[in-house]
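Subject: Structure for you to look at

Hello,

Here is the structure I promised to hand over. Please open it beside this email and follow along.

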Amino acid sequence: MRTSFKAPGGRLIAALSVALSLAVAGCGSISRPDAGLVGLAVAQGASPLDPFRFAANDEAAGEAFLSAWEIERQARGARSITALAVSGGGANGAYGAGVLVGWTRTGDRPVFDLVTGVSTGALISPFAFLGSAWDDRLAEAYRDEDVSRLASGGWGLIARPSLYSDRSLRALVGKYVDAQLLQAIAAEHQAGRRLLVATTNLDAQATVLWDMGAIALSGQAPGQSEAAVALFRNVLVASASIPGVFPPVMMGREGDLLPAEMHVDGGVSTPFVLAPSSLTFWTPEEVMRPGDLYVIINGEIEPRLALTRGATLPILMRSFDTLSKSDLRAHLIAAVAFASRNDARLRYAAIPTELGADSLAFEAAAMRRLFETGETAGASGTAFSEVMPEAWTRPEP
């Protein structure tokens, strides 16, 4: 599969964060060694984390990942790939979680060969990957009262490079991501399925795709469980760390005056992932051929008519919201082209515009309403729109 994924509203939130950050520039910060360009180049070289990830713009690395997976799929006699991409969207992730839970009730929710997630979609993706048996855990996570604490303790820009601490986010991830979850994911990885999560490496300005199944599998080795759980959680927190809202996550170790990598929300660099960006024009064959492709967009995609007040902040907010939706639609068009070229079917689900969703509304009541709306849509079979209603047949040469 090769196309791409980013959080609707992600750029809006980033814009607001930048505006607030400018007001208190230089107050809260992360100390980093002055490595210079040479040091940065060395730091971006070989890393102990490399077996678990690759940059989406690295064509050779993307091909290596897919080639290894292709060999495994051939050995298992697999057929075409069924994939699910889950976008970001902050609190709006409650809608996508509800869609999945409701979809189970229809009896036709697929077992996905590939699941990818960005930001809140990254938090959803392990449960989507493990399937309907984990719906209760998914629903519990998005109905958890602790979610309302994510956006508490604001104005932290004075003491840190973000509005909020990541303490509550880490506590929430730690509550639902444990050795048992990794053991289940490792088993599915060994069965030939793949789970990818996207973060953004700010130093390299690149989308990084993390093979979460490989991380989970590494934890099955004697004495490695704790390290694997810690890395798995760290990647999820990084993917959900909206710049300026939550602090970035430093990946790797500082040493020899070389900096660790600074990772933030995957939604900064891509709305959603159906394939590495460097392989957008790839035409797979046989076991790697895409069949049914699904995208869950945790946000609105259609324009919403509203009077924009003539002040700096409303103009900034409206502009970036418009830009975000345009960017998302452009990625969907690219996904349609990919599906059409490969005789695949593409469906997407998005939050109805009339709901007036807010990605930073972490209040329990608001998230419960979104979850229930998504659950109803999923159960009734109305959540997904058929972008590619029928797979077209490529004419014989």
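Below is what I found, going from the whole chain to a few places in it.

First, a caution: this is a predicted model.

The whole chain

The protein chain has 397 residues, and 53% of them count as buried. Its secondary structure comes to 12 helices and 10 strands. Now take the contacts between residues at least 6 apart in sequence. Of these, 82% join residues at least 24 apart.

Helix α6

Find α6, residues 135-143. Which of its residues are buried? They are Asp135, Leu138, Ala139, Ala141 and Tyr142. What covers them? The cover includes α4 (93-106), α5, α7 and α12.

α6 against α12

Two packed helices are described by the angle between their axes and the distance between the axes. For α6 and α12 (residues 364-380), the angle is about 150° and the axes are 9 Å apart. On the α6 side, the residues that meet α12 are Ala139, Tyr142 and Arg143. On the α12 side, they are Met367, Phe371 and Glu375. By class, this contact has 4 nonpolar residues, 2 charged and no polar.

The largest cavity

Rolling a probe the size of a water molecule over the atoms shows where empty space is left. The structure holds 3 cavities of 30 Å³ or more. The largest has about 280 Å³ of space. How many residues line the largest cavity? There are 21, and those nearest its centre are Thr120, Leu123, Tyr142, Leu169 and Leu172. Three helices each supply at least two residues of the lining: α5 (120-130), α6 and α7 (167-176). The largest share comes from α7, with 4 residues. By class, the lining has 18 nonpolar residues, 3 polar and no charged.

A loop residue

Last, look at Leu355, in the loop between β9 (345-350) and α12. Is Leu355 buried or exposed? Its relative accessibility is 18%, so Leu355 counts as buried. Leave aside its neighbours within four places in sequence, and Leu355 is in contact with Arg369, Leu370 and Thr373. Leu355 and Leu370 are 15 residues apart in sequence. In space they are 8.3 Å apart, C-alpha to C-alpha.

Best wishes

Definitions and conventions:
Residues numbered from 1 in each chain as written. Predicted model: local features only at pLDDT ≥ 70, side-chain atom pairs only at ≥ 80, totals over all residues. Heavy atoms only, no water. Axes fitted to C-alpha atoms, helices over the stretch in contact; angles between N-to-C directions. Contact = heavy atoms within 4.5 Å. Nonpolar A, V, L, I, M, F, W, Y, C, P; charged D, E, K, R; others polar. 1 Å grid on protein atoms, 1.4 Å probe; cavity = no way out; pocket = protein on both sides within 12 Å on 5 of 7 lines; lining within 4 Å. Points joined across faces, edges and corners; volume = space filled by probe spheres on them. Buried < 20%, exposed > 50% of the residue type's maximum accessible area, 1.4 Å probe, protein only.
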